[in-house]
Amino acid sequence: MAGAAAEQRRLATVVESWLGRPVLVVGDAMLDEWRFAESDRLCREAPAPVLTLRRRISAAGGAANTAVNVATLGGRALLVAPVGADVAGDELHDCLDRAGVWDRTVSQQHRPTPVKRRMLAGNQILLREDSGDPEDPLDADGVGCLLTALDCATEELKAAAGTAPTLVVCDYGLGALPAPVRAWLVANRDRYPTVALDAHDLADWRGLAPTVVTPSFAEAARLLARAAAGFGAMPVPTRAAASELHLDHPPADPSDGPSELVVGAAPGGAGERPLSTDPPGFGHPPTGSTGSTPRTGRVALSADGRSVTGAGVTVGEGVDRAVLAESRLAELREHTGADVVAVTLDTEGAVVAGADGEPRRSHSVPVPASHAVGAGDAYLAAMTLALAADAPLATAAQLAQLAATITVSDTGTCVCRRDDLLAALGTTPGGAAHPPLVGRDELDAIVADHRRAGRSIVFTNGCFDVLHPGHVRYLEQARTLGDLLVVAVNSDSSVRRLKGPDRPVNPVEDRTALLAALSCVDHVVIFEEDSPAALIETVRPDVYVKGGDYPPEMVPEAPLVRRLGGQVRTLGYVPDRSTSAIIDRIRAQGNASPQPDQAGNGGPPSVGATGTTTAHRMGRTA
């Protein structure tokens with residue numbers, strides 16, 4: 001790890017830098033309702049379980065959950081969205097207030113708040129009921145109120161923060177962003193230095209020129225399908241031409257999705273254009289397809305993010321979605337006009353590319369579907385905040401994936417908190433990341449932070465007087481035995497007691513600086529005693545490592561380590577690579593070719609008697 005500690009500090013610095021950054025979120029807000037039930041019998045009327053409701057929770061969903069994630073990650077979030085004047089709307093307001101989101105939603109008397117109700121038993125989602133009709137449009141008064149709210153919110157955030165706000169657009173097709181609102185956002189694009197777009201149908205947003213778009217694989221496929229069919233294939237207009245944009249769906253575009261797009265499947269009729277034209281790894285159509293029907297021989301993607309049922313998007317067997325997405329990132333940037341495209345792949349992570357065209361892959365941890373609801377909102381919020389803070393794209397992608405991964409540990413709508421993100425980076429919330437060189441008095445707290453983050457700790461100690469390849473190889477091997485490596489270094493007085501009056505050759509400041517610069521070392525601490533026993537008591541390492549060609553039972557500290565619940569490992573050394581051998585060679589060369597000083601005297605006196613030390617004979621590299 002090229003300085004795991006240094007990398008974590010760099011990422012934590014970005015998280016600290018976005019604290020208080022103003023973000024305006026606009027789009028489809030909804031209420032997520034979770035009902036947890038138990039079932040121990042079937043009903044007599046039908047082969048269906050009888051459910052007993054035990055617990056009910058509600059959470060912000062959609063654009064509201066994105067705003068909540070921005071706020072909990074440390075940004076200053078303001079939400080503009082239509083919300084019904086109903087019980088669900090009241091609950092949504094409460095959710096926003098608890099999260100610290102500036103609630104500038106627009107009340108709609110005759111338009112209900114969209115709700116997604118999930119019934120679970122045994123942590124398994126049994127059914128979901130959606131309410132809120134996407135075909136119920138905003139009336140003229142509603143549109144006017146929404147445009148006024150957008151204009152006022154933009155100025156309110158700018159005045160409060162002293163800088164222009166970031167804009168996040170969440171268009172999930174529920175009617176909160178009709179054509180007049182989309183046109184206003186395009187026309188006012190220059191008021192927002194950073195714009196993030198998450199839309200089910202990206203073709204509706206030509207001309208917005210967003211900083212980043214975060215489509216799912218299915219949404220990316222839908223856009224490319226529309227381009228292949230001739231809709232939206234035109235070059236993306238500049239912002240100056242925004243007033244000439246056609247923001248509505250083409251009349252011929254079916255309501256259930258675009259014309260068919262074949263992804264790694266056998267070619268069909270004339271005019272079909274495969275999404276992938278021989279990308280690496282699958283140049284020829286596969287033979288057969290999982291779940292195919294006799295009529296089409298293709299696989300329909302489902303609404304879980306791998307595809308959209310009925311949208312005409314098909315995928316052949318064995319297609320790697322990440323490789324496929326990487327091969328079309330440039331086209332997605334062209335069709336969306338975005339600087340950055342991040343195609344999210346649910347349990348498979350994401351692929352991201354910017355202007356340099358270099359794809360970057362991030363990975364996720366597979367979890368039950370009930371754990372991943374809203375993880376994309378956390379991803380979008382962290383990605384947006386990082387880019388708004390001028391973080392490099394690779395850093396923004398890392399933080400976005402980490403934020404999404406943190407949220408999927410339990411059932412419910414996903415929210416990532418700043419403290420949790422900093423803790424995952426080994427950083428004390430509200431403080432700085434732990435430095436490589438640490439004091440003995442702070443080591444206890446640092447180790448406790450790492451343990452709370454679930455990291456296993458490897459510990460070793462030594463003089464490390466003249467750092468050489470044997471040391472480096474030994475430390476690299478030690479680092480592979482756990483999640484982080486703590487190195488304890490003997491002080492100068494301790495080295496003199498162990499090695500003799502002519503040692504150390506290098507003072508402890510130099511020795512620790514070199515060790516802290518190694519990519520495999522996370523923390524370095526100095527100790528004065530001849531034995532590291534007191535530090536072992538503090539660190540309580542999962543693995544204690546010493547260099548040598550003798551069994552672990554011969555290590556003096558072994559009984560203590562095992563009593564504390566750790567294990568002891570000894571690692572071999574590199575032949576002819578030891579501090580004593582290097583000093584011996586320097587002495588030998590000095591004795592063979594003494595260099596006179598300006599007074600005509602011989603060279604410097606011998607540093608001391610030659611010969612290997614006990615540690616060297618036992619194979620220790622320190």
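Which residues of α5 are buried? In this predicted model, the buried residues of α5 are V181, R182, W184, L185 and V186. As for what covers them, the list includes β1 (22-27), α4 and β10 (166-171).

Helix α4 spans residues 140-161, and helix α5 spans residues 179-187. Their axes come within 10 Å and cross at roughly 20°. Angles under 35 degrees count as roughly parallel, so α4 is roughly parallel to α5. The crossing of the two helices is right-handed. On the α4 side, the residues that meet α5 are V143, L146, L147, L150 and D151. Their partners in α5 are P180, V181, W184 and L185. Sorted by class, this contact of α4 with α5 is made of eight nonpolar residues, one charged residue and no polar ones. Here a bit of helix geometry comes in handy: an α-helix has 3.6 residues a turn, so residues three or four places apart point the same way. With that in mind, it is worth looking again at V143, L146, L147 and L150, which are among the α4 residues in the contact.

Five strands form an open sheet, and going across it the order is β20-β19-β18-β21-β22, with parallel pairing. At the edges sit β20 (523-527) and β22 (567-571), each of which pairs on one side only. Neighbouring strands of the sheet are turned against each other by 25° on average, if direction is ignored. In general, strands of a sheet pair through backbone hydrogen bonds, either parallel or antiparallel.

Strand β18 (residues 457-462) and strand β21 (residues 543-547) pair in the parallel sense over three bridges. Within it, V458 stands opposite V543 in β21. The sheet also has a helix lying on it: α12 (residues 440-452) lies across β18, β19 (484-490) and β20. Relative to β20, α12 runs at about 145°.

Stepping back to the whole chain, the secondary structure comes to 19 helices and 22 strands. Of the 622 residues, 49% count as buried. Among contacts with a separation of 6 or more, 71% come from residues 24 or more positions apart.

Note on methods
Residues are numbered from 1 along each chain as its sequence is written. This is a predicted model: local features need pLDDT of at least 70, side-chain atom pairs count only at pLDDT 80 or more; totals for chains, interfaces and linings use all residues. Side-chain values use heavy atoms; hydrogens and water are left out. Axes are lines fitted to C-alpha atoms, for helices over the stretch in contact, and angles run from 0 to 180 degrees between N-to-C directions. Helices (H or I, at least four residues) and strands (E, at least two) are DSSP runs, numbered from the N terminus. Angles under 35 degrees count as roughly parallel, over 145 as roughly antiparallel, 65 to 115 as roughly perpendicular and the rest as oblique. A crossing is left-handed if the near helix is turned anticlockwise from the far one by less than a right angle, and right-handed if clockwise. Contact means heavy atoms within 4.5 Å. Ala, Val, Leu, Ile, Met, Phe, Trp, Tyr, Cys and Pro count as nonpolar, Asp, Glu, Lys and Arg as charged, and the others, Gly among them, as polar. Two strands pair if DSSP finds at least two bridges between them. Buried means under 20% relative accessible area, exposed over 50%, partly exposed in between (1.4 Å probe, protein chains only).
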